[in-house]
Amino acid sequence: MIKARRNPLRTSTVALSLILGALILTEPAHGVEPTGNNQGASTEQVGGGDKSGIFAAARIQYSGSVAKGGGAGNVTSADVNWTPPPCWYAPYLGAKDFKKEMSKHIDSQLKAPGMGGTAGAAIGETKRHYEDGYGWSGSPGYKDYNVESDGKGMFWAGVENPDEPDYLKRSSCTDLPFWVENGDAPPPQHEEAISPEILAALAYQHMELPDTKVTLAPEATTKVNLPTWAWLDKAVFDEVQATAALNVPGFNIQATTTARPVSLKLEPGTKDAVTYPASGECVMNADDSIGEPYAKGKADETPPCGIRYLRSSGDGTYKLRATITWDINWVGTGGAGGDLPNGTFGNEQAVTVQEIQAVNR
């Protein structure tokens with residue numbers, strides 16, 4: 001868990017886990033219901049834990065179109081290999097507060113029954129690291145928990161992503177808490193240190209996209225072999241934004257992630273259907289709408305976006321699934337920015353398909 005280190009700490013994962021288990025910041029997120037696309041919905045994700053009495057000074061503030069309750073949103077990444085960060089390092093406590101909490105946990109572990117051997121030695125060297133200046137390559141030690149610099153910086157520690165289901169991934173930020181001066185960037189060896197890019201990914205994870213209800217003509221009930229037109233107006237189909245920000249003394253960053261709709265995919269809910277176009281994917285028009293509204297006199301025309309059902313749905317319905325693909329990018333503090341994998345979100349709507357009745361005379 002500790003890199004470039006030649007001492008018992010390198011192999012005593014049990015001992016370090018005892019200390020870090022008390023220091024990893026894992027308080028569940030809290031939030032309020034979103035009020036619509038970019039209408040100021042807000043939620044905070046707070047580090048800390050009620051059982052240990054430890055709370056992080058760092059709070060990630062989410063705003064814009066974010067999920068109710070502060071949990072994960074409804075966007076699915078089109079890239080199955082992309083996942084939000086499972087954990088990260090963030091500002092934790094000032095020197096005096098950190099000394100109070102860390103020393104308490106170290107002393108508690110040293111006094112634990114049966115704590116000896118390699119594990120006991122590792123905890124003892126952790127104590128030396130913060131009290132006596134004991135360090136190693138890339139990780140300088142501290143004198144008396146750096147209290148002489150209290151107010152000039154903060155100790156950073158690992159934060160678990162409460163929406164990451166994999167425990168091993170969620171708990172993988174196991175570096176010992178480290179000091180960062182106000183205004184300085186965290187040491188480069190801590191690759192998971194919170195950054196605008198990480199905030200952008202978290203905003204993506206919390207983003208809530210609007211429901212996708214496609215306008216159909218005929219609406220809800222259609223006939224076998226009758227082309228059904230489908231479209232989405234620009235007015236109900238616009239970009240969505242979510243922002244994640246972290247503001248603590250000496251360290252203020254944020255990122256805004258924007259989702260822009262680019263295409264609509266129609267899945268009829270049965271193999272007995274033809275889509276227009278054949279791929280079922282309707283691209284955006286020049287005016288940012290998709291498809292074309294049906295107009296009187298077009299009944300015999302082929303819709304640019306639509307479906308033709310070949311068989312009746314009988315006594316039931318077909319579940320037409322409409323999925324929008326969203327182009328995702330972000331901008332953040334200091335002019336940072338870039339692209340994230342496309343996102344998708346869709347829902348189903350019931351379509352009744354009837355046989356055309358003919359009367360023989």
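Visitor: Quick one to start: is Cys173 buried or exposed?
Guide: Cys173 is buried, at a relative accessible area of 2%. Buried here means under 20% relative accessible area, exposed means over 50%, and partly exposed is in between, with a 1.4 Å probe and protein chains only. Keep in mind that this is a predicted model, where local features need pLDDT of at least 70, side-chain atom pairs count only at pLDDT 80 or more, and totals for chains, interfaces and linings use all residues. Residues are numbered from 1 along each chain as its sequence is written, and side-chain values use heavy atoms, with hydrogens and water left out.

Visitor: Okay, what does Cys173 pair with?
Guide: Cys87, through a disulfide with an S to S distance of 2.0 Å. A disulfide is a pair of cysteine sulfur atoms within 2.5 Å.

Visitor: Which parts does that pair tie together?
Guide: Cys87 lies in strand β5 (residues 87–93) and Cys173 in the loop between α4 (167–170) and β7 (178–181), so the pair ties together parts 86 residues apart in sequence. Helices (H or I, at least four residues) and strands (E, at least two) are DSSP runs, numbered from the N terminus.

Visitor: And Cys87, buried or exposed?
Guide: Buried, at 5% relative accessibility.

Visitor: Switching topic, how many disulfides are there?
Guide: Two. The other joins Cys282 and Cys305, with sulfur atoms 2.2 Å apart.

Visitor: Where do Cys282 and Cys305 sit?
Guide: Cys282 is in strand β14 (residues 281–283), and Cys305 is in the loop between β15 (290–291) and β16 (306–309). Cys282 is buried at 3%, and Cys305 is buried at 1%.
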